[in-house]
Amino acid sequence: MWTRRGSGCVSEPDVWAGPGPAGSGGSRLPAGTEPVARSPITPPPPVLVIEGWEVSGHRAAAGLTLTDLTPLAKVVAGSGPGEWLLLAAPGQGPALAGWAAELAARSPGELVTATDVTHGRALIRLTGPAAADVLRKVCGIDFSDRITPDGAAFRSSVAAVATDVIRLDTGGVRCYLLHCERSSGAYLFGELLAAGREFAIETDGFTLPGI
């Protein structure tokens, strides 16, 4: 069922508190349950609750899409050179950190730390044949296949925001993950939408497992 929260002249978005539409992976939560976490990026309607996160249930049909993946568990192992960003389905942060710690234990003498940064960082996915064209408008990196092929990862300024950029093509379609501080998430998302407007970009909603 759909429930509207709020009353009078102030109301909140409709939130689906049951199983989501086909493919959404909506959690079976009691009607009216409040989400326990929200992304800094406002989700376009319809709004769903998936694994406790308030997310968009919109399904895009465009060839170029932008998706808020902030609900994914995000763990940073190490610091600086040799640093790894580990991603998993929502709610798996502690398990992911534990797994990283187990790996570190197999390398005696190596100093390794694992930090769950799920709620402190934003994660965005840009997908489509024109994805590199969008990034060229807001980032000075060479996005050609020769310089940044599938699997490339680097840190750069994207729309004046310090951002980790990972090229992770999906099903043969060009795809980039963009990871930044939570406080810059909404701004970066908006700048990417603006840069992609000429390419008919559309916001796509979050679905499990998310990546």
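Author: Helices (H or I, at least four residues) and strands (E, at least two) are DSSP runs, numbered from the N terminus. The model is predicted: local features need pLDDT of at least 70 and side-chain atom pairs pLDDT 80 or more, while totals for chains, interfaces and linings use all residues. Residues are numbered from 1 along each chain as its sequence is written, and side-chain values use heavy atoms, with hydrogens and water left out.

Reader: What span should helix α3 (residues 182-195) have at 1.5 Å a residue?

Author: The expected span of a helix is 1.5 Å times one less than its number of residues. For the 14 residues of α3 that gives 20 Å, and the end C-alpha atoms are 20 Å apart, so the two agree.

Reader: Which residues of α3 are buried?

Author: Buried means under 20% relative accessible area, exposed over 50%, and partly exposed in between (1.4 Å probe, protein chains only). In α3, G185, L188, F189, L192 and A195 are buried.

Reader: Is G151 buried or exposed?

Author: G151 has 55% relative accessibility and therefore counts as exposed. G151 sits in the loop between α2 (131-136) and β13 (153-158). From G151 to L168 is 17 residues in sequence, but 5.6 Å in space, C-alpha to C-alpha.

Reader: Why is strand β12 (residues 121-127) described as largely enclosed?

Author: Because 6 of its 7 residues are buried, β12 is largely enclosed by the rest of the structure.

Reader: Which strands pair with β12?

Author: Two strands pair if DSSP finds at least two bridges between them. Strand β8 (residues 65-68) is antiparallel to β12 over 4 bridges, with L66 partnered by L126 in β12. Strand β15 (residues 175-181) also runs antiparallel to β12, joined by 7 bridges; here A122 has C180 of β15 as its bridge partner.
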